[in-house]
Amino acid sequence: MSKILCVYYSRSGKTKAVMEEIAQELEAELVELHDRVDRTGVRGWLRCGLDAVRRSTQPLEPFHTQRALSDYQLVILGTPVWAGRCSSVMRGFLKKNGRKLRKAAYVATRSTEEKSEQMFDQMDQYVSGSRIAEVSLRMGSVGYAFWREEFLRRVREFLETDVEEDVTREERDAFRNF
Ligand SMILES: Cc1cc2nc3c(=O)[nH]c(=O)nc-3n(C[C@H](O)[C@H](O)[C@H](O)COP(=O)(O)O)c2cc1C
């Protein structure tokens, strides 16, 4: 059972593709989020933009994770950029669950040159644990592979240095039985 969870929302498949690659590289569990809003077509596109600007969220479809969210060593959150912000579906997830996350990393996908990195600070506001890495990717851009690898390098570095804390937790759990 992996201690890394990749959780994402993807309207048109780009974030999904990136998160599938990242989850495979890290042997992480992968979970896709949905809400109950029709976000297809032009009307759906407009709705997404309005939701992002208004910061409005809708209840999510139920989703299953193998562990409790607070039990993951790291949760990697993937979202498209909407109007310079995170998607309202990811915002909905964070509003409800951000306090349960011990450590977080963010993956944003976008279509423009503008990285919109301010959205990561906005996402931080919902997360109680610290952020260990973030990346804003544009599919098909020259820097895509480089920045994706750099993100993975930072995550792996975190996983290596976080071992001590993990052992301590396991030791603490072992001592509970005495
Ligand atoms: C409503 C809406 C607003 C968007 N706003 C931005 C934006 O501000 N900056 C940007 O670079 N891309 C923007 N995009 C493009 C998406 O972020 C980009 O295509 C993303 O990779 C789509 O991911 P997905 O296929 O996983 O849904 C927007 C897309 C939508 C639907």
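Trainee: How far from an oxygen atom of the ligand does a backbone N or O atom of Gly13 lie?
Mentor: The distance is 3.0 Å, which falls within the limit for a polar contact (a pair of N or O atoms within 3.5 Å; within protein, one must be able to donate a hydrogen and the other to accept it, and residues adjacent in sequence count only if both atoms are side-chain atoms). Please note that this is a predicted model, in which local features need pLDDT of at least 70 and side-chain atom pairs count only at pLDDT 80 or more, while totals for chains, interfaces and linings use all residues. Residues are numbered from 1 along each chain as its sequence is written, and side-chain values use heavy atoms, with hydrogens and water left out.

Trainee: What about Gly84 and Thr109, how far is an oxygen atom of the ligand from each?
Mentor: A polar backbone atom of Gly84 is 3.0 Å from a ligand oxygen. For Thr109, an N or O atom of the side chain is 2.7 Å from an oxygen of the ligand.

Trainee: And how much of the ligand does the protein bury?
Mentor: The ligand exposes 640 Å² when taken alone, and the protein buries 87% of that. These areas come from the Shrake-Rupley method with a 1.4 Å probe; for residues, only the protein chains shown count as cover.

Trainee: Which elements give two or more residues to the shell around the ligand?
Mentor: They are helix H1 (14-26), helix H2, strand E3 and strand E5 (103-110). Helices (H or I, at least four residues) and strands (E, at least two) are DSSP runs, numbered from the N terminus.

Trainee: Which of the residues around the ligand come nearest?
Mentor: There are 18 residues around the ligand, and Ser10, Ser12, Thr15, Val81 and Thr112 come nearest. A residue counts as near if one of its heavy atoms lies within 4 Å.

Trainee: Where is Val81, and is it buried or exposed?
Mentor: Val81 is in strand E3. Its relative accessible area is 18%, so Val81 is buried (buried is under 20%, exposed is over 50%, and partly exposed is in between, with a 1.4 Å probe and protein chains only). Leaving aside neighbours within four places in sequence, Val81 is in contact (heavy atoms within 4.5 Å) with Ala108, Thr109, Arg110, Ser116 and Met119. Arg102, by contrast, is 21 residues from Val81 in sequence and 24 Å away in space, C-alpha to C-alpha.

Trainee: Thr79 next. What is its relative accessible area?
Mentor: The value for Thr79 is 0%, and therefore this residue is buried. Thr79 is found in strand E3. Its contacts, neighbours within four places in sequence left aside, include Thr15, Met90, Thr109 and Met119.

Trainee: You mentioned Ser116. What is its phi?
Mentor: Ser116 has a positive phi of about 55° although it is not a glycine. Most residues other than glycine have a negative phi. Ser116 lies in the loop between E5 and H4 and counts as buried because its relative accessibility is 7%.

Trainee: And what is the phi of Arg55?
Mentor: Arg55 has a positive phi of about 60° and is not a glycine either. It is in the loop between H2 and E3, and its 41% relative accessibility is why it counts as partly exposed.

Trainee: Where does Thr65 lie?
Mentor: Thr65 lies in the loop between H2 and E3. It is buried, because its relative accessible area is 14%. The side chain of Thr65 reaches the backbone oxygen of Arg67 at 2.7 Å. Thr65 also touches Leu5, Glu29, Val31 and Tyr72, not counting residues up to four places away in sequence. Thr65 and Val31 are 34 residues apart in sequence, and their C-alpha atoms are 7.3 Å apart.

Trainee: Lastly, which backbone atoms does the side chain of Ser2 reach?
Mentor: The side chain of Ser2 reaches the backbone nitrogen of Ile4 at 3.0 Å and the backbone oxygen of Glu27 at 3.1 Å. Ser2 is in the segment before E1 and is buried, with a relative accessible area of 16%. Not counting residues up to four places away in sequence, Ser2 touches Glu27, Ala28, Glu29, Arg67 and Tyr72.
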